[in-house]
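Here are my notes for a colleague who is looking at this entry for the first time.

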Amino acid sequence: MFKIEWTRKAEHLYLETLDFWIKHNNSATYSKKILKHVSEKEDYIANNPYAGQELFDIPDVRYVVVLKKFLIFYRINNKTIEILSFWDGHKNPQDLEL
């Protein structure tokens, strides 16, 4: 099993997304659902690190989809999965930086 480590930037984007949905919905229900599914994806890629889709233009970076709207971008470093970004699909893709 691989260890999961979030970069500061990825963690910030993740928390920003959770906060947005709490404010947008005036409820934490959807954010709790996101938390649950992200945790499940973390477990999944920790046990299956090569399961994520490879990016064709950025070597060694993969991604998995969460709830059909969010993407977790990651890189494999030895026995560690480094989460590079958490991306809300509602955002402009040109703003994505890895």
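How does Leu 67 count by its relative accessibility: buried, partly exposed or exposed?

1. Leu 67 counts as partly exposed, because its relative accessibility is 22% and the buried class ends under 20%. The residue sits in the loop that links β3 (61-66) to β4 (70-77). Its phi is positive, near 55°, although Leu 67 is not a glycine.

2. A word on the source before going further: this is a predicted model. The mean pLDDT over the chain is 91, and 91% of the residues reach at least 70. By element, strand β1 (residues 3-6) has the highest confidence, at 97. Strand β2 (residues 53-54) has the lowest, with a mean of 92.

3. Read from the N terminus, the order is β-α-α-β-β-β-β. Of the contacts between residues at least 6 apart in sequence, 47% connect residues at least 24 apart.

4. On overall dimensions, the radius of gyration is 13 Å, which agrees with the value near 13 Å that a compact globule of 98 residues would have. Along the principal axes, the C-alpha atoms occupy a box of roughly 40 × 30 × 25 Å.

5. The chain carries 14 positive and 14 negative charges, whose mean positions lie 6 Å apart.

6. Asn 26 also deserves a look, in the loop between α1 (8-25) and α2 (29-47). This residue is not a glycine, yet its phi is positive, about 55°. Most residues other than glycine have a negative phi. Asn 26 is exposed, because its relative accessible area is 70% and the exposed class starts over 50%.

7. Which residues does Phe 70 contact, leaving aside its neighbours within four places in sequence? The list is Thr 17, Trp 21, Tyr 30, Ile 34, Val 64, Val 65, Phe 86, Trp 87 and Asp 88. Phe 70 belongs to strand β4 and is buried, with 0% relative accessible area.

8. Phe 73 is another residue of strand β4. With a relative accessibility of 4%, Phe 73 counts as buried. Phe 73 is 13 residues from Asp 60 in sequence and 10 Å from it in space, C-alpha to C-alpha. For Phe 70, the separation from Asp 60 is 10 residues in sequence and 20 Å in space, again C-alpha to C-alpha.

9. Is Glu 54 buried or exposed? Glu 54, in strand β2, counts as exposed at 52% relative accessibility. Not counting residues up to four places away in sequence, Glu 54 touches Val 61, Arg 62 and Tyr 63. Between Glu 54 and Lys 36 there are 24 Å, C-alpha to C-alpha, for a sequence separation of 18 residues.

Technical notes. Residues numbered from 1 in each chain as written. Predicted model: local features only at pLDDT ≥ 70, side-chain atom pairs only at ≥ 80, totals over all residues. Heavy atoms only, no water. Helix = DSSP H or I, 4+ residues; strand = E, 2+ residues; numbered from the N terminus. Rg over C-alpha atoms; globule rule 2.2 N^0.38 Å. Contact = heavy atoms within 4.5 Å. Lys, Arg positive; Asp, Glu negative; His and termini not counted. Charge placed at Lys NZ, Arg CZ, Asp CG, Glu CD. Buried < 20%, exposed > 50% of the residue type's maximum accessible area, 1.4 Å probe, protein only. pLDDT = per-residue confidence, 0-100.
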